[in-house]
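Student: Could you take me through one part of this model slowly? I would like to look at the place where the chains meet.

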Protein chains: 2
Amino acid sequence: MQPSSALPARITMLSGGVGGSRFAQGVRHLIRRSATSLTCIVNTGDDMWLNGLRVCPDLDSMMYGLAGVNDRDRGWGRAGETERVSAELVAYGVGADWFTLGDLDLGTHIARAQLLRSGLGLAQVTRRLSERWDLGATLLPATEHEVETRVRVDEETTLHFEEWWVRHRAALPAREFVHPGAAEAIPAPGVLEAIRDADVILLAPSNPIVSIGAILQIPGIADALREASAPVIGLSPILGDAPVLGMAAQCLRAVGAEVSAAGVARHYGARSYGGLLDGWLVDEQDAEAVAGLEDAGIAAAAVPLLMGTDDLTADMAQAALDLAGRTGR
Amino acid sequence: MQPSSALPARITMLSGGVGGSRFAQGVRHLIRRSATSLTCIVNTGDDMWLNGLRVCPDLDSMMYGLAGVNDRDRGWGRAGETERVSAELVAYGVGADWFTLGDLDLGTHIARAQLLRSGLGLAQVTRRLSERWDLGATLLPATEHEVETRVRVDEETTLHFEEWWVRHRAALPAREFVHPGAAEAIPAPGVLEAIRDADVILLAPSNPIVSIGAILQIPGIADALREASAPVIGLSPILGDAPVLGMAAQCLRAVGAEVSAAGVARHYGARSYGGLLDGWLVDEQDAEAVAGLEDAGIAAAAVPLLMGTDDLTADMAQAALDLAGRTGR
């Protein structure tokens, strides 16, 4: 790894939940003992009201992961979780039995709903909830507006993304993703500033459609990326023909994108051609895609993209910064 | 005990929480294997929104007690309770650390708040929550309006009853009890009918000021009792000079009532003189009060009033029914 003197002062990252959280932990590991700041703009399209409580799956995954209280084996939620409250809700016939609400997790949802109802915006609420932990990063919701990612499964029916994803295990073919209310939404306080003032902008290896893509649906955010002085570097969430995590393949197919490292990069587009990307990291097994991407105006490199340990993930972050240095921005 | 053929068809009872629940269990024990129905009109003055959740201490105590899932040792809440969620709320700095919210109990509060927000009234919500259990009684909230019992502790300050009771252990002298919004409230659906159609009406040995008294603050309920065809029989919550449970003494003193079995009866008043009571049961140790009460127009008897077992409590209920038979109504 490079010495920290070579680190940029401000890193801003766009992120989904679980994969984004693991990547953020690697970035944090890379910038430890440096003056570099990390700001994470987090997808809020999966958020939902459930039993009168506000659940923000991606903000929660980011917070728990960075706080070190996430369940690493299960891949989501809190470690040492129990479901006593949830069992009561099901017994009363009011629970959504397809969505697990752990007891520790419920503490977050109750606190968040209460703070929101007291009149705070989601950015302030996220700051309040984060104060309890030593995150080493600032979490910003993409927007404070309630813009749900919904999945069209037939002519008449759309489902909340979490219902499609968790309840139906993405088994119903997705025809398109819609974001009702997105046109009227604005970025949360701090989001545009974090993009404008960044020295490097990273797109985490999160789902390009429903995580990063949902962030980009909020008016002003994609434009801010295009206008940013910092290079925008993405990390492929697809290795070979499989996503690192989750069901990105189904999402990519639904929007007609190719399920490959290069396909995702083309989906984002080259910044020099009106797209978003200055650079793109692919996994070693996708090294043959590098030349084509470079030809298409996207600086590219092939490095190991498996987030096994914080050290390995920090190497990925370092490779992204190295690639940023090559973009000439 | 009398054979059940002598039981009235319909018993309606006014009740607070913990003591009322124990008494209701005794009534239920008495009427088991009979066709007698038991309807409990339950105090809602202690209800509160806490962290965006609706807590109804007396309805909860009634439900848990009749369901047999209450914590008998502690005297309130659910048996086998844990406080994992509550600890999270405190860690986030949003919990009310003076009010214990158990995990199982929270299931009730979350479900209730959710059902209320979905547009159901508290009576319907109470029925929905009760469906899960085999209560052997119908629970009715006194009102669906949010009428808090508040305690005036000085010229400028009133506290929610639960804050005064639980947080301050009733240590701040109560100057008066106020019920903001009571004048605009109406009885919950079913309450007036349950009083009108009853064959016997019982006042549980609950706190006469903040439990039974708060019910009587809801316009229409006291009048319905005065106009009921059924006899109204109360059980003294004071034995000697001490309440069976809780801190009724402080409450009685605050309204200038004598802390004695006869004092509580005089507080309710004789129905023949515009009060509420046809009959009043005092504990054996207060037998000397019987003659004076009879002189004041209140049929009275002295029997053991300790609710040790369901059998003993059923004997109290039977004594109340026997006294009702003597009132001539």
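Student: How many residue pairs are in polar contact between chain A and chain B?

Tutor: Happy to look with you, keeping in mind that this is a predicted model. Between chain A and chain B there are 12 residue pairs in polar contact, counting pairs with both residues at pLDDT 80 or more. On the side of chain A that touches chain B, the elements giving two or more residues are α2, α3 (84-91), α4 (103-117) and α5 (122-130) of chain A. Of these, α4(A) gives the most, with 10 residues.

You can pick out A:Glu88 with B:Arg132, whose closest N and O atoms are 2.7 Å apart.

Now for the extent of the contact. It takes 31 residues from chain A and 31 residues from chain B. Together the two chains bury about 2,500 Å² between them, with 59% of it on carbon and sulfur atoms.

A:Met63 counts as buried because its relative accessible area is 3%, under the 20% cut-off. Beyond its neighbours within four places in sequence, A:Met63 is in contact with residues including A:Leu129, A:Trp133 and, from the other chain, B:Tyr92. A:Met63 also lies 9.1 Å from A:Thr126, C-alpha to C-alpha, although the two are 63 residues apart in sequence.

Conventions: Residues numbered from 1 in each chain as written. Chains lettered and ligands numbered in written order. Predicted model: local features only at pLDDT ≥ 70, side-chain atom pairs only at ≥ 80, totals over all residues. Heavy atoms only, no water. Buried < 20%, exposed > 50% of the residue type's maximum accessible area, 1.4 Å probe, protein only. Contact = heavy atoms within 4.5 Å. Buried area = accessible area lost by both parts, 1.4 Å probe. Salt bridge = Lys/Arg side-chain N within 4 Å of Asp/Glu carboxyl O. Polar contact = N/O pair within 3.5 Å; in protein donor to acceptor, adjacent residues only side chain to side chain. Helix = DSSP H or I, 4+ residues; strand = E, 2+ residues; numbered from the N terminus.
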